[in-house]
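Subject: Structure handover

Hello,

Here is the structure I said I would pass on. Please look through it first; my notes follow below.

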Amino acid sequence: MKISGIICEYNPFHNGHLHHIRETRKNGATHIVAVMSGNFVQRGDVAVIGKLERAKLAVRSGVDLVIELPVQYCLSSAENFSAGAVWLLNSLGVVEEISFGSECGDIRKLSTAFKTVQDVIVSDNKEIMNIMEKGYTYPRALSSVVNGIDPVSASVIAEPNNLLAIEYLSSMAKFSSEMKPFTVRRTGTPHDSDEPYGDITSASDIRNRIFSGDGLQSAGDFMPDIWREALENAIQRGETASLERLERVMLYKLRTSSPEEIAIINDVGQGLENRIYNARMSGSLDELFFTIKTKRYTMARIRRIMLSVLIGITRDDMKYLPPFGRILAFNERGREILALAKGKTSIPYGSSVVKLSQISEIAERFVDIEMRASDLYGLSLETVTSAQKDYRAKIMIDME
């Protein structure tokens, strides 16, 4: 038995994800556990379909066990996103490797770039800060400094999936993990590109196609049939989500928040709370985001912050690593993973949010945030769902 871990969002799952799973199997994985973002994703958006449906489909697409990444880690920096996901895989106690996609497809290049970045952070942090003070984002500032030391590593971290892969390596080192890294070269279309390559295109392009006038007609060829059918059914039932549907509630929340309340929100700093507060009279989400945005703050970061304001995710909520792993779906091989992990886990894993909330005060806070996030997600659907639906949700067990 060889258990591999995958960190994913599947928003939605496409042929590139299927290729990744197949390559992970070819590398010897008999069992795969995925840590997956829930109803909100790292680009600062709602997931196009809900987490339980995506988890079920993931199990039917080659994953054996799906564990939810808490929403505060989904709506955070790549560093925190990585740390939360790697922590959950490592804490299971039986995962032997982490498999991830990258543009370079070369662990040695990624490892070299990781070491270079770590050295730069330690020795040249002041220079990075100086560049950021000129209005540049942290990744741009970091890349600029690295380029002066090791142009090859700079070219590696210039690619988004490579940079995320380096964050995984960093988190593995942080937790002294014995898991081994394995990377699959990302084939075809670049991250967030709208140009297909054969039968592969980005999740961003698929989402754009779904919400265009053509619906799924032009997107179906880029994903497995079960995902296309699930999306078709979700569209027919009014169960697809859109951030625009949260426009009024988000504007209301901001208009009724003080600078002090905004200042404690996760990832807000350097006076950004004043810029956000001053944008409170915006008449639309687009106006709000563009009023706040500067060269220093990416649009994804602004969206994540505004969703954190809406949900109530504070800086203090990021002081704690996930105190439990919530199981969303599994099959027979997933059951075998859980059986092997019994007695080896360093945190509890389970499916009942009620029971998980009783572990500790920190666990109760994690569940509270997740339930609020799920209630808000219900407002982003075309057909609004009832509140507290997540408490009543049943996980998917596939023994076919």
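Is Ser176 buried or exposed? Ser176 is exposed, because its relative accessible area is 63% (buried means under 20% relative accessible area, exposed over 50% and partly exposed in between, using a 1.4 Å probe and protein chains only).

Before the rest, two notes on the source. This is a predicted model, in which local features need pLDDT of at least 70 and side-chain atom pairs count only at pLDDT 80 or more, while totals for chains, interfaces and linings use all residues. Residues are numbered from 1 along each chain as its sequence is written, and side-chain values use heavy atoms, with hydrogens and water left out.

Loops

Ser176 sits in the loop between helix H9 (160–174) and strand S7 (helices, H or I with at least four residues, and strands, E with at least two, are DSSP runs numbered from the N terminus). Ser176 has a phi near 50°, which is a positive value in a residue other than glycine.

Gln270 also has a positive phi, of about 50°, and is not a glycine. Its place is the loop between helix H13 (259–263) and helix H14 (272–278). With a relative accessibility of 60%, Gln270 counts as exposed.

Arg186 belongs to the loop between S7 (180–185) and helix H10 (203–210). Arg186 is partly exposed, at 27% relative accessible area. Gly16 is 170 residues away from Arg186 along the chain, yet their C-alpha atoms are separated by 7.7 Å.

In the loop between S1 and H1 you will find Pro12. The peptide bond that joins Asn11 and Pro12 is cis, with omega about -5°.

Strands

S1 runs parallel to strand S2 (residues 31–37), and 6 bridges join them (two strands pair if DSSP finds at least two bridges between them). Gly5 is opposite Val33 in S2. Between S1 and S2 the chain passes through helix H1 (residues 15–26), and this β-α-β crossover is right-handed (with the strands pointing away from the viewer, the path from the first strand over the helix to the second runs clockwise).

S1 also pairs with strand S6 (residues 97–102), in the parallel sense and over 3 bridges. Here Gly5 has Ile98 as its bridge partner, and Ser4 stands opposite Glu97. Of the 6 residues of S6, 5 are buried. S6 pairs in turn with S7, again in the parallel sense, over 6 bridges. Phe100 stands opposite Thr183 of S7.

Helix packing

The axes of helix H12 (residues 247–255) and helix H16 (residues 299–311) come within 9 Å and cross at roughly 75° (axes are lines fitted to C-alpha atoms, for helices over the stretch in contact, and angles run from 0 to 180 degrees between N-to-C directions). H12 is therefore roughly perpendicular to H16 (the word covers angles of 65 to 115 degrees). Val249, Met250, Lys253 and Leu254 of H12 make the contact with Met306, Leu307, Val309 and Leu310 of H16 (contact means heavy atoms within 4.5 Å).

Regards

Conventions: Parallel < 35°, antiparallel > 145°, perpendicular 65-115°, else oblique.
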